[in-house]
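Here is a short tour of how two chains meet. Have the sequence and the model at hand as you read.

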Amino acid sequence: MKTFTYRTATDVAQGLEPGATFLAGGTNLVDLMKLGVATPDVLVDVNRLGLGEVGDLPGGGLRIGAGVRNSDLAADPRVRRDYPVLSEALLAGASGQLRNMATTAGNLLQRTRCRYFMDATMPCNKRRPGSGCPAREGDHRNLAILGASPSCVATHPSDMAVALAALDAVVRISGPAGERTVPVTELHRLPGDTPDRDTVLEHGELITAVDVPSLGFAARSAYRKVRDRASYAFAVGSVAAAAQITDGTVTDVRLAFGAVAHKPWRAFAAEEALRGRPATRESFRAAADAELAAAEPLRDNAFKVPLIRNLVASVLEGLA
Amino acid sequence: MDLVVNGVEHSLDLDPRTTLLDTLREHLGLTGSKKGCDHGQCGACTVLLDGRRVNSCLILAISQQGASVTTIEGVDHPVQQKFVEHDGFQCGYCTPGQICSAVGMLDEVAKGWPSAIGDEELTDAEIRERMSGNLCRCGAYPNMIPAIREAAGR
């Protein structure tokens, strides 16, 4: 591991010097430092900033502190009651040990697990801009089918972020230039020709909290994840869904897909196709197809298209 | 920096790169916690940090000023005797991590924390899911499950 200087953050707005990065739970960052993929000169530890509480928002909804551990959030009675999709997504991710360290903001800002990104000896446009992308012709079975670019086909690996995208959650950000908010659906970028930038955050900006607005029908919501083994593996495809179904008709719905793109993929087209439609398997599959029409699978990941279609139908049937 | 390990206070002067695992093994001589993958994938390094199970290989010791750590050397729990009775290991390399993880997991169950399985009781499926962060390359899982189940009082 490259040497670095360590210090403790004292203020959410203090920002970062060039070459510095924030340390939260460390479950991804420390690993990337060991691999030589992350090489910060300075680590600024944000664990003592007091961002570890879940609070109620006025008028309903929750404010989740950036430092709340994934295990505590998954077990929070308000999350389990009002947003089961969020608790389920968290519990579908990682292991008990990792969830005890990983934080809300760290989970959002974790890096792709694309093998070429994780291997410092390989070309990768995300890690070393302009060096190329071996994934397009190489190992891309678990990479993107939506929103990718010639320079990058990486996927965002988070489960939690998929649920937050479906729930219209909003990220609260603090930095030297002040405070701002960004919807979770707009936090992560599509790769384009600058895949080295995962998110819209500027250097030194710090996520302080995630607000989840009140959404009555989210009490009927679910997360379903498909992976290569029964537990403790990243998704090859996942769906977060909340549905309001009245007299057999879908009156409102939230859908997001995981492991298909450079960001948690909010399925706005599928939602639009589903509102006002009968709550049947045919409608669910047609709605999924409305979203997946834009899919551009690679040689070895075309299976994700029917996988997501079937997942959408299965999850929504479970909520109907 | 200061760290309390198995109830004993230590004052340490560490390179910032030193993980909690390397601190325990190389600086404090506590070699019970094992280095398997060193990437948070196998669970052999599991210890209890302020009572919660964590992968000590992914934690920089310097970030844990004042924390209290319990390693296998400091564990005294019924699950240990149950592992012996049920032959819940073969080579033993993963066992300290399995035991520490089981102790932390049973505490999570007692607090009412859910798992991805969602059973009301601590079924075998629940034990498998909750222990999925600990790998055993000998495949001794079938004997660990009754050991953990009985340690939970079921």
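## Where the chains meet

Chain B and chain A bury about 2,700 Å² between them, and 56% of that comes from carbon and sulfur atoms. Buried area here is the accessible area (1.4 Å probe) that two parts lose on being put together, summed over both. On chain B's side, Arg17(B), Leu58(B) and Pro114(B) supply 23% of the area buried against chain A, more than any other three residues. In terms of contact (heavy atoms within 4.5 Å), 33 residues of chain B meet 32 of chain A.

This is a predicted model: local features need pLDDT of at least 70, side-chain atom pairs count only at pLDDT 80 or more, and totals for chains, interfaces and linings use all residues. Residues are numbered from 1 along each chain as its sequence is written, chains are lettered from A in the order in which they are written, and side-chain values use heavy atoms, leaving out hydrogens and water.

## Charged pairs

Two salt bridges cross the interface of chain B and chain A; the term means a side-chain nitrogen of Lys or Arg within 4 Å of a carboxyl oxygen of Asp or Glu. Lys34(A) pairs up this way with Asp38(B), their closest N and O atoms being 2.8 Å apart.

## What chain B brings

β3 (46-49), β4 (52-55) and α3 of chain B each supply at least two residues of the side touching chain A. β4(B) gives the most, with four residues. Helices (H or I, at least four residues) and strands (E, at least two) are DSSP runs, numbered from the N terminus.
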